[in-house]
Amino acid sequence: MRDAWEQVYGLLVEDGQIAIGTLAAFVAAAAVAALGSELQNDMLRNSAGLLLFVLLMALLLVNLYSAGRKAYPPTTPATPSAAGSSVPKK
Amino acid sequence: MSATLATFAVAALPAFIASVVEWVEAFTIVLAVGNTRGWRSPLWGVLGALVTLGVIVIAFGTPLIVYQDQVTQTFHILIGILLLLFGMRWLRKAILRFAGIIAEHDEDHIYQREIAELQGQSHNSAERSWDNIGFWLSYKAVLVEGLEVAFIVIALGATGGSALQAAVAGAVAAFVVVVTAGAMLHKPLSFVPENFMKFVVGCMLTTFGIFWGAEGMLVEWPGGDAMLPVILVGVVLTSLVGVRILAAMSQRRVTESVAP
């Protein structure tokens, strides 16, 4: 049962940034839609769909970029002093 | 697009593709258990897990059919969020696998690993004796992988109409295809392009999540359902940009490590 529960949890939340970001994008889009309804502005309300799409795609790209940075961290160029000495820089 | 074709495209097809991926993973474990410990108990384990999954789908799916005419706005939003959490997760994982950051799912390797683990355990190899370990290993494998199938079927089926039946049919068809292919070949189905299929399903679930989630917010999409393929194209293109970004980062790393 514990494995089953972990699987159910893992189904929805594997990467915290994606899960929380998805919920945040949803809340932001819902807020815009609610504001549009409140102001009786159909254009503003309907723009919530596009906003949701843009936020989620941006979230995906940012998440992939940060995963790429972790997998391929930028290497700092070795300087002669750093390469030839074991004394840490101050 | 006719209603039947739309239901197929929106419910049955993604349910079928997603289910093939999950059933192939479960099949590998069951095959390893059956080949090392005999088939009687593992097959009962598979049956037990399928019954459990059926109960889950009926328990959560029946209210969707009974109350589908009274589907509330909140319900639409919940289904949208559920599909997005699934879809974004599958999409991210598939892209990271394409880029080589996460290892690809290798059914042959998993099969060999399971065989090695199971051979290390003592077992009365008499075919007719009941084997608790064989039963529970198979039960767990099918239940754990099938839970994902059940969630996707319920989420896709929640769109109303005959969607739930179509999604269930897609999942059952996938089960039949995988079991038939597995029974004929009697080896792990490592030729199935699992990652590509995950990518396709991830794109589809994300698209449906955006579409229905926004409808739950009372958004009226321009062109109505015709926006679904437009959103899908947007999701696919963004994902391909993601793949290119990771490929460029990998290439830059290789260049930096080769440079003097």
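Start with the interface. On it, 35 residues of chain A are in contact with 36 residues of chain B. Contact here means C-beta atoms, placed from the backbone, within 7 Å of each other. Which elements of chain A give two or more residues to that side? Helix H1 (2–12), helix H2 (16–38) and helix H3 (42–71) of chain A do. H3(A) supplies the largest share, 16 residues. By class, the chain A side holds 23 nonpolar, eight polar and four charged residues. On classes: Ala, Val, Leu, Ile, Met, Phe, Trp, Tyr, Cys and Pro count as nonpolar, Asp, Glu, Lys and Arg as charged, and the others, Gly among them, as polar.

A word on provenance. This is a predicted model, so local features need pLDDT of at least 70 and side-chain atom pairs count only at pLDDT 80 or more, while totals for chains, interfaces and linings use all residues. Residues are numbered from 1 along each chain as its sequence is written, and chains are lettered from A and ligands numbered from 1 in the order in which they are written.

Chain A next. Chain A has four helices and zero strands. Those are DSSP runs numbered from the N terminus: helices are H or I, at least four residues, and strands are E, at least two. Of the 90 residues in chain A, 24% are buried. Buried means 20 or more other C-beta atoms within 10 Å of a residue's own, again placed from the backbone; exposed means 12 or fewer, and partly exposed is in between. Take the contacts in chain A between residues at least 6 apart in sequence: 44% of them join residues at least 24 apart.

The axes of H3(A) and H7(B) come within 9 Å and cross at roughly 145°. Axes are lines fitted to C-alpha atoms, for helices over the stretch in contact, and angles run from 0 to 180 degrees between N-to-C directions. The crossing of H3(A) with H7(B) is right-handed. From H3(A), A:Ala48, A:Gly49, A:Leu52, A:Phe53 and A:Leu56 meet B:Ile210, B:Gly213 and B:Ala214 of H7(B). That contact has six nonpolar, two polar and no charged residues.

Inside chain B, H7 has another partner. Helix H3 (residues 73–98) and helix H7 (residues 194–216) of chain B pack at about 155°, axes 7 Å apart. So H3(B) is roughly antiparallel to H7(B). The cut-offs: under 35 degrees is roughly parallel, over 145 roughly antiparallel, 65 to 115 roughly perpendicular, and the rest oblique. The crossing of H3(B) and H7(B) is left-handed. Their contact has 18 nonpolar, 10 polar and four charged residues. Just after H3(B), B:Gly100 takes a positive phi of about 85°.

H5(B) passes H6(B) in a right-handed crossing. The residues of that contact divide into eight nonpolar, one polar and no charged.

Last stop, B:Asp131. Where does B:Asp131 sit? In the loop between helix H4 (107–119) and helix H5 (132–157) of chain B. B:Asp131 counts as buried because it has 23 C-beta neighbours inside 10 Å.

Technical notes. Contact = placed C-beta atoms within 7 Å. Left-handed = near helix turned anticlockwise from the far one by under 90°.
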